[in-house]
Amino acid sequence: QGSNGCCDSGDGPSLAIPGSHIDELELSLRWDFILVALLRGNDYLPTLECQIEPGNLWGGYLRWRHNQSPLEGLVCLEGDIVGNGPGTSSREASEGADSDPARPGDCLTLRKALLADFMSFCGGSGSPPPPPPGAAA
């Protein structure tokens, strides 16, 4: 993406269209980003007490996800069924791959086992996963 939310194309910058198709992995990262941002705390919510500094929580999440759950995020559409293949929701399996990954009115839920694993990682139980390849140590 270019500056100011524009996407660079061959003919110069163009605005990203709201509601345009976003693939399911990117949408999953966006939902998880919102959750992790809430865990970092704000004026109304306390910071998650953990081994990772609040400012580094997103980076810690990305390391955890890269090693533990690259295809599934902490947040998903309610009713998603694991087992339809990587990144495939139960709705896509029934409606076809051309359906949007999320629509207005959809409910979100947390994948409890993954959330528990991420919370254990944040709490320092077990050894933290190594940084992704190419990342500075």
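Modeller: Let us begin with contact, which means heavy atoms within 4.5 Å. This is a predicted model, in which local features need pLDDT of at least 70 and side-chain atom pairs count only at pLDDT 80 or more, while totals for chains, interfaces and linings use all residues. Residues are numbered from 1 along each chain as its sequence is written, and side-chain values use heavy atoms, with hydrogens and water left out.

Biologist: Which residues does Arg65 touch, not counting residues up to four places away in sequence?

Modeller: By that cut-off, Arg65 touches Leu25, Ser28, Leu29, Asp32, Pro70, Leu71, Glu72 and Gly73. Arg65 itself lies in helix H2, residues 57-68. Helices (H or I, at least four residues) and strands (E, at least two) are DSSP runs, numbered from the N terminus.

Biologist: Why does Arg65 count as buried?

Modeller: Buried means under 20% relative accessible area, exposed over 50%, and partly exposed in between (1.4 Å probe, protein chains only). Arg65 has 5% relative accessibility, and therefore counts as buried.

Biologist: Why is Cys50 called partly exposed, and why is Cys76 called buried?

Modeller: The relative accessible area of Cys50 is 25%, so Cys50 is partly exposed. For Cys76 the value is 7%, so Cys76 is buried.

Biologist: What span does helix H1 reach, and what is expected?

Modeller: The expected span is 1.5 Å times one less than the number of residues. H1 (residues 24-39) has 16 residues and reaches 23 Å from its first C-alpha to its last, close to the expected 22 Å. Its buried residues include Leu27, Trp31 and Leu35, and the buried residues of H1 pack against H2, strand S3 (75-77), strand S4 (108-110) and helix H4 (112-123).

Biologist: Where is confidence lowest and where is it highest in the protein chain?

Modeller: Confidence is given as pLDDT, the predictor's value for each residue, from 0 to 100. The lowest mean, 38, belongs to strand S1 (residues 6-9), and the highest, 93, to H2. Over residues 1-17 the pLDDT is below 50, and beyond near neighbours in sequence this stretch has 14 contacts in the model. The mean for the protein chain is 72, and 58% of its residues reach 70 or more.
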